Number of protein chains: 2
Amino acid sequence: MKKALPIALSNRHIHLSEKDLYVLFGEGYELTKMKDLSQPGQFACDEKVDIVGPKGTLKGVRVLGPVRKNTQIEVSVSDAFTLGVKPVIRNSGDIVGTPGAKIVGPKGEIEIEQGIIVAARHIHMHTTDAEYYGVRDKDIVSIKIDGPRGLVFNNVLVRVSEKFHLEMHVDIEEGNACGVKNCDLVELIK
Amino acid sequence: MKKALPIALSNRHIHLSEKDLYVLFGEGYELTKMKDLSQPGQFACDEKVDIVGPKGTLKGVRVLGPVRKNTQIEVSVSDAFTLGVKPVIRNSGDIVGTPGAKIVGPKGEIEIEQGIIVAARHIHMHTTDAEYYGVRDKDIVSIKIDGPRGLVFNNVLVRVSEKFHLEMHVDIEEGNACGVKNCDLVELIK
């Protein structure tokens with residue numbers, strides 16, 4: 001039996017630490033929720049910032065909330081080339097040794113030494129989903145997509161938590177490379 | 001034994017008919033070769049045009065020569081969204097029923113009724129290469145790429161001709177989705 005799950009395409013975005021939020025938007029600033037994201041507690045904000053790299057700028061990069069421990073910028077490989085930094089594929093949170101940039105907000109700007117990643121594709125799933133698919137947290141699986149741009153993504157990280165909602169995350173370039181759109185169903189193969 | 005071949009990433013570009021070239025650049029105009037491409041006789045030109053869709057514009061899209069029978073614009077899925085047209089995956093030359101756009105050159109502009117495609121990934125190979133790989137013209141094969149963004153492209157069209165030079169062609173989004181750069185070796189699997 002085929003085991004399907006929904007896919008979602010992530011556009012470039014930034015997570016801010018509270019300290020960096022205050023510098024960019026003003027002391028004591030609170031993020032404005034625009035809409036909830038599929039993962040419980042996560043939301044897209046009205047706020048946007050500019051990311052300035054050694055070669056170019058990404059204007060109007062959306063902030064995702066809530067604030068996190070460390071500021072992290074998630075871009076595509078094309079975005080990394082636009083900025084003029086090396087595209088480094090990493091799991092979220094794993095930012096040691098990644099490129100930095102200048103971040104410009106309405107009230108101030110900061111230089112970060114590291115924090116720009118190209119997010120490694122991954123699947124969020126709830127504990128009960130993991131049981132259904134027969135996988136465990138940190139497993140590496142493959143995902144098959146049909147159609148004219150059909151392909152099999154290898155090296156897909158499974159992340160299991162009671163806080164997660166079932167969804168595979170790829171970036172825009174990965175999504176377009178296989179011709180999917182948000183909520184399309186893809187097949188998990190081990 | 002693994003059967004490897006080189007890959008190349010195609011950026012957005014346009015092929016012009018002689019008639020359209022003359023409207024855009026002036027009667028009797030001849031394209032200026034900037035550099036030869038890997039396929040014999042094909043070359044990138046100094047000339048660029050703007051492509052104007054119902055929603056947005058792609059500025060400075062490079063012309064490839066020589067002139068062809070029909071004008072054809074090859075874009076990525078993201079480019080199609082920027083223009084505001086439907087991304088239609090097609091083999092080169094198969095443009096019936098595809099979206100059109102306005103093309104703006106330095107001396108004039110034209111409206112084309114059709115001609116915008118998202119090129120289907122494919123492999124050019126010489127007759128002797130086809131023998132080595134054990135494939136024939138129009139075969140559909142798969143291509144495996146290793147690394148952190150490793151994947152298997154299915155539905156890859158093989159095109160065999162005595163005029164072709166061995167190379168797989170993907171667009172920028174497909175190339176970035178698997179983390180390859182020009183001339184990287186990929187593996188043909190049947």
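Predicted model: local features only at pLDDT ≥ 70, side-chain atom pairs only at ≥ 80, totals over all residues.
Let me begin with the symmetry. Chain B is superposed on chain A by a rotation of 180° with 0.0 Å of shift along the axis, and the RMSD is 0.0 Å. That is the relation of a two-fold axis. The same surface serves both copies, since 100% of the contact residues of chain B recur in chain A.

I turn now to the extent of the interface. On each side, 22 residues take part: 22 of chain B are in contact with 22 of chain A. The area buried between the two chains is about 1,700 Å², and carbon and sulfur atoms give 47% of that area. Which three residues of chain B supply more of its buried area than any other three? They are Arg149(B), Glu173(B) and Asn176(B), which supply 30% of the area that chain B buries against chain A.

Next, the polar interactions. There are four salt bridges between chain B and chain A. In one of them, Arg149(B) pairs with Asp171(A), with the closest N and O atoms 2.9 Å apart. Across the interface, 18 residue pairs are in polar contact.

As for the elements involved, helix H2 (77-83), strand S10 (116-119), strand S13 (151-160) and helix H4 (172-177) of chain B each give two or more residues to the side that touches chain A. By residue type, that side of chain B divides into eleven nonpolar, six polar and five charged.

Finally, I would draw attention to strand S13. S13 of chain A and S13(B) run antiparallel and are joined by three bridges. Within this pairing, Leu151(A) stands opposite Phe153(B).

Methods: Residues numbered from 1 in each chain as written. Chains lettered and ligands numbered in written order. Heavy atoms only, no water. Least-squares fit on C-alpha atoms with pLDDT ≥ 70 in both. Contact = heavy atoms within 4.5 Å. Buried area = accessible area lost by both parts, 1.4 Å probe. Salt bridge = Lys/Arg side-chain N within 4 Å of Asp/Glu carboxyl O. Polar contact = N/O pair within 3.5 Å; in protein donor to acceptor, adjacent residues only side chain to side chain. Helix = DSSP H or I, 4+ residues; strand = E, 2+ residues; numbered from the N terminus. Nonpolar A, V, L, I, M, F, W, Y, C, P; charged D, E, K, R; others polar. Pairing = 2+ DSSP bridges.
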